[in-house]
Amino acid sequence: MDISLLLQFFINGCMLGMMYALVAVGFTLFFGVLDVIVFSHGDSVMVGAFAGLSFYLLCMYLSPGMPVWLVTLFVSFAGMAFVAGFGMLVSRFVIMPLRSAPALNTLLATMMLGTVMREAVRLFFPDGSNPKPFPRLLPDWSWKFGGALLRFDNIALFIAGGLLIVGVALLINHTRLGMAIRAVAQDAEAAQIMGVDFPFIVLLTFAIGSAVAAFAGLMNGLYYNEINFNLGLLLGVIGFSSAVIGGLGNIYGAILGGFVFAFLQVFGTVAMPFSSAYKDVFAFGVVIVLMAIFPTGILSERQSQRV
Amino acid sequence: MRFGGLTALDRLDLDIDEGDILGLVGPNGSGKTTFFNVVTGIYRPTGGQVVFDGWDITGFSPQAIFEAGISRTFQRSRLCLELSIFDNIMLGNFKTRDLGICGNIFRRRAFHKTCAEEIEKAVELIRLLNPALVGSIHRPVADLSMIDRRRIEICRALIGKPKLLFLDEPSAGMTHDETNQLMDEILSMKSDERRLTIVLIEHEMGIIGKVTTRCAVLNFGEKLCDGTYRSIVGNPLVQEAYLGREVTEDEV
Amino acid sequence: MRNTKDFFRCAGLALALFAYLTLFFGAEDEWSIAAYVLLGVGGVIALVSFGALPAIERLIQANERACQALMIAGTLGIIAVFREDHYTLFLLGTIFVYSAAVLGINVQLGYAGVINFSGASFFGIGGYTAAVFLQNTPAPPLLTLLLGGIFSAVIGSILLFPVLRTSGHYSALVTMAFALLLKVFLEVSEWLGGPQGLALPSLKFLGIDFAEDLVIMGNEYSFYVKYDLACLLLLIMTFTFAQRIERSWMGLAMDAVRIDETAAACFGISVTRWKITAFTMGNFVIGVAGALYSMMLSYINPSNFTFSDSLLFLSILLLGGIGSLWGVIAATAFMVVIPEKFQIIQEYRYLIYSAMVLMMIVFRPSGLLPRKPRRYIAGGPL
């Protein structure tokens with residue numbers, strides 16, 4: 001195997017891993033505070049990408065002369081804010097009413113919500129059923145290492161994604177707000193008694209998780225230069241798998257799970273060159289095996305139940 | 001028995017004789033329920049031995065232990081609330097029933113017959129505790145009051161004819177009168193089944209004194225003492241565990 | 001049957017129901033379909049507001065056998081009415097087969113609480129098994145159906161180990177991963193025809209070729225009549241099977257395992273045994289249904305067995321009411337027919353039905369026809 005090809009695979013794995021980790025962090029945050037799986041989270045990623053595209057078009061329409069870096073910042077923040085707001089609405093009107101419902105109901109309800117979001121974009125976004133080109137907002141500098149191509153935008157996206165995840169982890173682990181979120185995750189009732197504003201913390205968590213998902217969507221658009229209404233479904237399942245492999249509720253587990261899944265896919269591509277489609281068969285097969293070995297995820301504490 | 005760094009049960013040596021009613025007392029967190037969970041197989045002990053009827057049952061699965069003849073109720077009622085009274089009682093009587101496809105799905109006529117027999121058995125048992133429930137044995141348990149749920153739980157534990165019955169705080173969530181009533185019922189049932197052994201967790205000492213033939217006191221996972229109710233009530237160690245030590249003038 | 005008066009009441013209800021369904025299936029243009037839907041909704045609202053439902057419920061429960069017979073007779077009647085209409089007959093067959101498959105999922109999830117997000121995958125495994133055996137061997141069709149069920153149960157047993165070790169969302173993920181894995185595998189496997197799938201030779205049984213039009217006394221009827229009868233038979237058998245499981249110690253044991261594993265184990269009920277039983281039985285039923293469906297379609301390809309189809313199965317179960325057998329049939333009919341009938345909303349159908357299921361879960365989580373307390377004997381005391 002050619003070393004430069006391996007390097008290329010490694011770069012791809014890192015990019016995919018970062019994207020999956022960003023999605024998985026949302027899953028794990030929501031599970032932490034409310035013990036629910038919000039399956040529409042994958043479609044929040046898609047909405048993020050489409051919101052970014054719309055804000056870009058809006059920018060171009062309003063002030064075509066705007067410098068690119070400003071446009072990039074505006075598109076990123078506006079897209080993330082939009083999806084954060086949407087996430088808060090979802091938590092308020094879908095997730096909270098289902099708090100006492102069985103887990104399956106919430107899971108199915110959010111899957112249906114995901115379908116609604118997907119179909120809404122397909123039907124109501126202009127020409128939404130076809131793939132859309134996503135603008136290249138980052139400079140296309142690149143360096144060659146033998147056969148491998150290292151692109152500037154990849155590095156920038158990777159670093160930005162990494163900073164975002166580190167930021168979220170710092171927020172959760174080292175601030176008062178983060179402490180409130182962790183308190184709710186441990187025991188919502190006790191946290192409320194100690195004066196934590198539970199509805200606010202839930203809204204906040206959904207805002208954070210959804211904003212991170214929106215960034216994953218933008219990253220997806222900038223990386224592939226194309227987005228379509230369908231991208232959230234697979235990303236959602238993969239993000240969910242990553243969060244579960246790592247151990248639900250554990251933010252480091254989600255990151256680990258994201259990279260594990262990405263490198264499984266990459267490994268599948270390398271090991272089975274005859275058909276790249278087998279990479280998903282391989283990755284999901286390994287997920288099943290991992291679940292058999294670690295029934296509650298890799299980084300999770302074993303809990304004994306009270307009788 | 002240890003959980004991580006916490007030692008929940010330590011040096012607990014307890015012999016229970018056939019036909020006894022043993023009261024298990026001790027402050028909260030002293031390991032009473034953990035003792036039940038270890039014996040009934042929900043927790044695997046990290047050390048020690050459980051011997052029942054001459055057999056070493058240490059580390060057996062809950063099913064195997066139930067089949068050996070040990071049955072129990074739970075501190076927080078664990079009935080299947082959406083199922084009917086009869087269904088819940090029937091759950092305690094599965095080991096004698098045919099669970100194969102043939103007997104359950106194809107030979108329905110024979111099944112109907114055994115079903116009628118089971119209903120008859122359940123009705124007999126409920127009649128001992130609360131005749132008023134007989135008419136509603138096909139109604140969900142969720143409709144019942146706390147004391148009736150306890151009764152159903154006791155029926156469920158008894159219908160399989162266990163040799164040893166664990167009652168985990170049967171009086172929790174009930175009034176004083178209700179508790180007394182339930183204990184009388186248990187005693188009268190016990191008088192029909194001389195060989196049945198009962199271990200009872202209870203906080204109210206009056207009840208312990210009335211019902212049990214012997215008691216054991218636990219504190220911090222260790223046995224403080226055991227003996228008859230009279231002998232343990234007078235024991236200074238027990239008073240200390242429950243009330244704290246009396247401070248004498250010398251120490252001040 | 002208690003008395004003749006009751007019988008006439010039941011018959012009246014059944015007649016009204018089937019007259020309505022016949023009109024509904026026969027309706028061609030959008031306006032009349034919309035009118036019938038409104039009529040149906042209005043009728044149900046009227047029944048509810050007059051408080052007639054409890055009485056109807058009691059009537060049906062007291063005369064269960066007779067009502068089931070009337071339902072079968074009514075369904076046969078509908079098939080007879082539409083004997084020349086390929087499209088309606090095909091819809092009916094689809095309803096029967098899907099209902100049977102969802103009843104299988106009901107045994108898994110509704111009784112034993114084993115979550116299965118790969119229902120459509122097992123449906124597909126049954127179908128592909130039938131296709132492969134019919135293409136390559138002279139296996140008789142009845143055996144092929146059984147093989148479809150057996151294969152899907154056997155492949156399902158590979159999943160058993162991870163499914164039994166995990167719980168809740170973790171086992172949901174195991175079945176989800178399997179669903180995606182199988183879909184991709186079917187798409188890329190050349191041996192199984194890739195995205196084009198496989199064609200099935202027509203079903204021949206006892207000298208009857210199911211692909212030829214039915215000829216009775218010189219009149220030609222659609223060949224789908226034969227398939228519909230086969231599908232209906234499968235549905236009746238599955239229904240009886242599921243109902244008898246529920247009304248037996250097996251059903252009780254599964255319920256106990258679903259509601260409280262620890263308590264069940266303390267009373268000698270083996271959690272593992274009942275989860276395995278339910279999962280395997282459910283997959284067998286789903287596999288047989290899938291095999292029959294692929295024979296009716298006469299071709300099979302991966303696009304029928306996606307993750308969304310598995311979701312559809314679960315949505316049907318939730319919409320009908322988990323554990324409720326009649327609920328499953330009603331919900332299947334609803335979910336299959338409404339989008340097909342409203343061609344105008346065809347484009348929007350996923351949007352509409354996912355929004356509908358979402359509303360349902362939020363506002364009426366117990367489903368259309370919630371499960372009733374168990375009675376061991378039909379028409380027995382309650």
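Me: A residue is buried if 20 or more other C-beta atoms, placed from the backbone, lie within 10 Å of its own, exposed if 12 or fewer, and partly exposed in between; as what does C:Ser298 count?
Reply: This is a predicted model, in which local features need pLDDT of at least 70 and side-chain atom pairs pLDDT 80 or more, while totals for chains, interfaces and linings use all residues. Residues are numbered from 1 along each chain as its sequence is written, and chains are lettered from A, and ligands numbered from 1, in the order in which they are written. Because C:Ser298 has 15 C-beta neighbours inside 10 Å, this residue counts as partly exposed.

Me: Where is A:Asn225 found?
Reply: A:Asn225 has a positive phi near 60° although it is not glycine, and with 12 C-beta neighbours inside 10 Å it counts as exposed. With helices (H or I, at least four residues) and strands (E, at least two) taken as DSSP runs numbered from the N terminus, its place in chain A is the loop between helix 8 (198-224) and strand 4 (226-227).

Me: Which element of chain C gives the largest share of the side that touches chain A?
Reply: Counting residues as in contact if their C-beta atoms, placed from the backbone, lie within 7 Å, 36 residues of chain C meet 38 residues of chain A. Elements giving two or more residues to this side of chain C are helix 7 (141-165), helix 8 (169-188), helix 13 (307-320) and helix 15 (349-363). The largest share, 14 residues, comes from helix 8 of chain C.

Note on methods. Two residues are in contact if their C-beta atoms, placed from the backbone, lie within 7 Å.
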